Amino acid sequence: MKIITDPLELKNYLKDKNQSVGFIPTMGALHEGHISLINAAKAENEIVVVSIFVNPTQFLKGEDLDKYPSREDADKKICSLVGVDILFFPDADDIYGSDEVTLQAPNVRGYVLEGRSRPGHFSGVLTVVMKLLNIVSPSRAYFGKKDAQQLNLIMLMVKQLFMSVEIVPVDTVREADGLALSSRNIYLSEFDRKEALKISASLRLCSVMVSKNILDTKEILESMRETLYPLEIAYVEILNRDFKKIEQVEIGNSIVLVEAISGETRLLDNIWL
Ligand code: AMP
């Protein structure tokens, strides 16, 4: 495995290759969720590139940028073991200069759900993803469905800015007890982790209700809120795949999204129905 920190070195290295490239952008502290993205990329591409970059512009003031988990050595070992070809490990100074050109997340879709509690977060996400895609120029880039709003906005960016990369969504990987894997799960105390299981339980309840042909979103959301109690709920919503509110679940075109805070940790999860 090659480790590259300089964006232009990586760009030049890949330019001469003339092979299909699968790209997985991450913020490190790698877990099985990241590995499933890597495996999906390995199955479809000749070269697999992973980036590890904790992007400062997607953190708001007072968020966990400074204490975001960093596991550089373990991450390098994982990437090497699972067969990553190139690990891109830039510094913030390699990616950002002063007086920057930036992308602005769309006014509606970028400022609902997670964007409401974290205004500006998705502008930072889109800006860094654009930069990373321009450095790597991958044939395909892999993103988790777990971050459904992020995935939706990146697909919108690729479409609206006429970019050539194919965005590949990958299913959420969970612990055996249902908790969606996240680098932030290490913040959870034993108690908070137990409470956090209410998030996946609420989503399971939703799919059971839908399987019993209960499709009224108000009724489902009420039951989900009861299951989530007493967690602090940032939002629980049922939207269509264009992120618009719906009154009835549309099978094959709906996403059920929850963001809740366990202890002090914001946790996201969703299911696609
Ligand atoms: P992060 O390092 O948290 O920025 O995540 C990097 C990529 O991994 C994003 O596309 C995430 O959606 C994806 N990801 C994170 N957790 C999971 C998971 N549990 N299952 C599948 N993909 C995930």
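A salt bridge here is a side-chain nitrogen of Lys or Arg within 4 Å of a carboxyl oxygen of Asp or Glu. By that rule, this predicted model has 12 salt bridges. Let's visit a few, then go to the cores.

**Stop 1: a pair in helix 3.** Select Lys76 and Glu72, whose closest N and O atoms are 3.2 Å apart. They sit four residues apart in helix 3 (residues 72-81), so about one helical turn separates them. Lys76 is partly exposed at 24% relative accessibility, and Glu72 is partly exposed too, at 38%.

Stop 2: Now select Glu114 and Arg118, which form a salt bridge at 2.7 Å, N to O. Buried or exposed, Glu114? Glu114 is buried, at 9% relative accessibility, and Arg118 is buried at 6%.

**Stop 3: a link across the chain.** Pick Lys145 and Asp171, whose side chains meet in a salt bridge at 2.9 Å, N to O. Lys145 lies in the loop between strand 5 and helix 7, while Asp171, 26 residues apart from it, lies in the loop between strand 6 (166-170) and helix 8 (190-211).

**Stop 4: the nonpolar cores.** Select Leu10, Leu14, Val49, Val129, Leu133, Val136 and Ile167, the residues with the most contacts inside the largest nonpolar core, which has 34 residues. Helix 6 gives the most to this core, 10 residues. Center on Val49 and look for its contacts, among them Leu14, Phe23, Ile86 and Val136. Finish at a second, separate core of 23 residues, including Leu188, Val210, Met224 and Val258.

Technical notes. Residues are numbered from 1 along each chain as its sequence is written. This is a predicted model: local features need pLDDT of at least 70, side-chain atom pairs count only at pLDDT 80 or more; totals for chains, interfaces and linings use all residues. Side-chain values use heavy atoms; hydrogens and water are left out. A nonpolar core is a set of buried Ala, Val, Leu, Ile, Met, Phe, Trp, Tyr and Cys residues joined through side-chain atoms within 4.5 Å. Buried means under 20% relative accessible area, exposed over 50%, partly exposed in between (1.4 Å probe, protein chains only). Helices (H or I, at least four residues) and strands (E, at least two) are DSSP runs, numbered from the N terminus. Contact means heavy atoms within 4.5 Å. Lists of a residue's contacts leave out its neighbours within four places in sequence.
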